[in-house]
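Open the model in a viewer and keep the sequence panel beside it. The stops below are given in the order in which to select them.

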Amino acid sequence: MLTAASSFYPLLSKPSSPHINLIPCPALGDLFSLKKRMVRCCHNLHDGMQDGHVVLCHEEKLRRRFLLFFSFSSGLLSTYPSYGKTKSKNPYDERRLLEQNKRIQRENNVPEDFPSFIREGFEVKVVAPENYVKRDSGLIYRDFEVGEGDCPKDGQQVTFHYVGYNESGRRIDSTYLQGSPAKIRMGTNALIPGFEEGIRDMRPGGKRRIIVPPELGPPVGPSTFFSSKQFEVFDVELLNVKDCQRRTIGFYSDVVCN
């Protein structure tokens, strides 16, 4: 009968037969820590080796058998794809951000029916009354007064007043405070794309609020006035539209609008 000792390497008791010598075998977990070491295991004399010591295998051979068994067993186990965790939007967070934006806008004394913005990182949601119109380009506007006359065309000069706001309702620019309206020729890239699109179908005497998305806004960078991509709100009053002609006198040439 064979009994195992309680040490890390199990020791077998001495056999009753005088012709068999038992040599302890290392544990399987220690095979990878032994470098080029010969492993001797017990066997009987009929294997043809002297003194009953039979070399069954080397560490490399046992390692290959272990890896082969591990590769075969791992192929039988099913694997499951991993999915990245995405942060779900919490309605409570949206309400909190909305109330925070409205509070800041009230502190900045925004005009009536001013749109609110829910900003979470780079994602912004516009909250506006139903009387606002959204175009396919992303531009949002509302007419307070339609006006009369023809809409401006490329090459014509438009004269208008405006007040610019950011998402917090803070006023960033105003021609009323400057004391004189702005005059720009249409189609000359003198205005940001969203602003020009917003006044292109206005009529003289009309008043409109334009919400310009970042993709239709001004360029952003250290050399520009704007430091981040934000929605901008403009209250515009179109005063008049004039035709323009190019005038050349000798070597001098300019554009005159009547």
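**Before selecting**

This is a predicted model, in which local features need pLDDT of at least 70 and side-chain atom pairs count only at pLDDT 80 or more, while totals for chains, interfaces and linings use all residues. Residues are numbered from 1 along each chain as its sequence is written, and side-chain values use heavy atoms, with hydrogens and water left out.

**Whole chain**

Show the cartoon: the protein has 4 helices and 13 strands. Helices (H or I, at least four residues) and strands (E, at least two) are DSSP runs, numbered from the N terminus. Of the 258 residues, 28% count as buried (under 20% relative accessible area; exposed is over 50%, partly exposed in between; 1.4 Å probe, protein chains only). Among contacts (heavy atoms within 4.5 Å) with a separation of 6 or more, 55% are between residues 24 or more positions apart.

**The cores**

Select Phe160, Phe195, Ile199 and Val236, the residues with the most contacts inside the largest nonpolar core, which has 18 residues. Two or more of its residues come from each of β7, β9 (182–185), α4 (193–199), β10 (207–212) and β11 (232–242). A second, separate core of 9 residues includes Phe114, Tyr165, Phe231 and Val233. A nonpolar core here is a set of buried Ala, Val, Leu, Ile, Met, Phe, Trp, Tyr and Cys residues joined through side-chain atoms within 4.5 Å.

Return to Val236 and list its neighbours. Leaving out residues up to four places away in sequence, Val236 touches residues including Phe160, Tyr162, Phe195, Ile199, Met202 and Ile210. Phe160, Tyr162 and Phe195 also belong, with Phe234, to one aromatic cluster.

**An aromatic pair**

The structure holds 7 aromatic pairs. Rings of Phe, Tyr and Trp (its six-membered ring) pair if their centres lie within 6.5 Å; planes under 30 degrees apart count as stacked, over 60 as edge-to-face and the rest as tilted. Select Phe117 and Phe231: the ring centres are 5.7 Å apart and the planes are at 35°, so this pair is tilted. Phe117 sits in strand β3 (residues 116–120) and Phe231 in the loop between β10 and β11, 114 residues apart. Phe117 is buried at 2% relative accessibility, and Phe231 is buried at 11%.

**The hairpin**

Strands pair if DSSP finds at least two bridges between them. Ser116 has Val127 in β4 as its bridge partner. The hairpin has 2 residues between its strands, and Gly121 in the turn has a positive phi of about 75°.

**Two single residues**

Select Pro214, in the loop between β10 and β11. Pro214 is buried, with a relative accessible area of 19%. Beyond four places away in sequence, Pro214 touches Lys229, Gln230 and Phe231. The C-alpha atom of Pro214 is 9.8 Å from that of Leu139, 75 residues apart along the chain.

Finish at Gln157, in strand β7 (residues 157–165). Is Gln157 buried or exposed? Gln157 is buried, at 14% relative accessible area. With residues up to four places away not counted, the residues that Gln157 touches include Lys183, Ile184, Arg185, Cys244 and Cys257.
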